[in-house]
Amino acid sequence: MIAFSALGIVVLIVAYLVFIGGGSSEYKLLFDDAGQLVKGDQVEVGGVPAGSIKNMQLTKNNKALITITVNSSLVPLHQGTTAEIRVPSLSSVADRYITLSLGPNTINGHPNPTLPTGATLPTTSTHGVVDIDQLFNAFTPRTRKGLQGFIQGSAEQYAGAEEALNVATGYFAPAINATGHIFAELAREQNALTRFLIQTAGALSVIGAHSQQLTDLVGNADQAFQAVASHQADLTAGLRELPSTFQSGVKTFEEVKPTFSALTRLVNVSKPGTKNLALFLSRLRPLLEQATPVVRNLSLAIDQPGASNDLTDVALEFPGLAKTLATGSPDTVKSLEESVPITAMFGPYSPDLQGLFRDFGQSTAYYDANGHYVHVTPVFDSFKLNEKNELTPASPQEGLQGLKSFQLRRCPGSATQPPADGSAPFTDEGKLNCDPTQTP
């Protein structure tokens with residue numbers, strides 16, 4: 001029975017957490033400006049979503065009254081709670097949200113009063129968004145122009161030194177923090193600061209008592225400046241050269257900037273290529289290892305110790321071979337000239353002869369790789385009309401009647417496709433009784 005009671009209590013607790021504990025409460029926030037918020041935007045506490053915007057309306061005095069819902073785990077809110085419109089970035093508009101800074105639950109050990117559901121935070125407890133355009137519009141045109149020049153000058157000053165500036169920027173926060181500690185120490189050591197001021201006043205009094213010595217010091221300084229003035233011509237000449245020096249320096253720095261830009265682009269372009277360079281070199285190493293004996297063998301083939309065992313020795317034999325060819329060539333040329341009358345008749349038929357050797361054995365194929373066709377027309381028993389104008393079967397001899405063969409008048413070289421230079425078919429300038437159009 002106790003077990004069933006405990007189970008019932010657990011079920012009731014779960015039901016409460018599911019159906020009641022997951023609710024929310026409404027509060028109203030009064031802003032001077034809605035800051036481009038929209039319904040449904042988030043409400044966050046400490047960077048964690050804690051609710052959303054339920055409704056927005058304009059009051060009679062042109063204020064923005066925004067109704068929000070807050071998760072029940074954070075309610076009730078306490079006095080001292082503030083609200084602020086936040087923007088994640090300058091370029092963002094649609095993802096603005098409201099962040100709540102919750103008031104403390106206790107103050108000096110005493111409970112802090114709560115804010116009832118539906119309570120309104122006044123404008124003194126809310127902060128809107130200050131857009132950069134509103135800030136610039138508050139400046140006069142002259143001030144905006146001066147600010148623009150300052151920004152442009154700063155950009156020119158730090159051009160090429162972005163990395164150093166980023167490093168220096170990292171010390172700003174510690175420097176400001178250290179300055180805050182200094183002023184805090186001064187505030188705690190007011191007595192020491194007072195004594196320092198009193199002692200400084202005493203020191204100034206002592207200096208005033210020695211006015212004569214101070215006058216002599218000033219006089220000596222005046223003499224020093226007069227000595228400098230006596231070399232005014234040299235100083236003037238140096239100052240005259242100073243602008244040209246600065247101009248040369250500016251020109252040099254102007255040329256340095258494109259050089260660094262080009263170098264930066266070169267490095268950026270080289271990065272993708274050098275990324276795979278290690279892999280390329282690792283794969284190139286086996287190739288070089290395998291190519292080493294090949295190159296060595298090639299070197300030995302060109303030049304190897306011994307006689308008549310390399311390409312160099314072969315090249316040295318070329319003069320003797322050329323001499324032998326020079327003596328044998330006239331006889332060869334003469335024999336060829338004497339055989340021309342005999343072999344001339346075969347010249348026009350060289351394409352046919354070439355096609356014979358090339359396509360021999362392929363006559364049964366209707367098409368080959370060179371595009372030659374062999375047309376075969378099968379002849380079957382045909383029909384003929386009898387005296388009664390009826391179709392009757394014809395004999396094979398009757399079916400072949402009317403067919404003719406060997407009626408072609410091809411020219412030499414027409415047994416294959418004509419070459420591109422027009423050398424075939426050969427018509428001997430029209431003297432041959434042949435038809436050059438009869439080609440495959």
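Student: How many residues does helix H8 have, and what length is expected for its reach from first C-alpha to last?
Tutor: This is a predicted model, in which local features need pLDDT of at least 70 and side-chain atom pairs count only at pLDDT 80 or more, while totals for chains, interfaces and linings use all residues. Residues are numbered from 1 along each chain as its sequence is written, and side-chain values use heavy atoms, with hydrogens and water left out. Helices (H or I, at least four residues) and strands (E, at least two) are DSSP runs numbered from the N terminus, and the expected span of a helix is 1.5 Å times one less than its number of residues. Helix H8 (residues 232-275) reaches 62 Å; it has 44 residues, and the expected length is 64 Å.

Student: At which residue of H8 does a kink lie?
Tutor: The bend at a residue is the angle between axes fitted to the seven residues ending there and the seven starting there. In H8 a kink of about 25 degrees lies shortly before the proline Pro243, at Leu242.

Student: Which element has the lowest mean pLDDT, and which the highest?
Tutor: pLDDT is the predictor's confidence in each residue, from 0 to 100. The protein chain has a mean of 76, and 81% of its residues reach 70 or more. Over residues 1-21 the value stays under 50; where pLDDT is low, the predicted coordinates should not be read in detail. Among the elements of the chain, the lowest mean, 43, belongs to helix H1 (residues 2-19), and the highest, 93, to E4.

Student: Which residues of the segment from Ala83 to Ile85 does Ile98 touch?
Tutor: Contact means heavy atoms within 4.5 Å. Leaving aside residues up to four places away in sequence, Ile98 touches residues including Leu29, Phe31 and Ile68, and also Ala83, Glu84 and Ile85.

Student: Is Arg285 buried or exposed?
Tutor: Arg285 forms a salt bridge with Glu289, with the closest N and O atoms 3.3 Å apart. Both lie in helix H9 (residues 277-302), 4 residues apart, about one turn of the helix. Buried means under 20% relative accessible area, exposed over 50%, and partly exposed in between (1.4 Å probe, protein chains only). With a relative accessible area of 55%, Arg285 is exposed.

Student: Is Ser125 buried or exposed?
Tutor: Ser125 lies in the loop between strand E11 (120-121) and strand E12 (126-127). Not counting residues up to four places away in sequence, Ser125 touches Thr81, Thr82 and Ala83. Its relative accessible area is 17%, so Ser125 is buried.

Definitions and conventions
A salt bridge is a side-chain nitrogen of Lys or Arg within 4 Å of a carboxyl oxygen of Asp or Glu.
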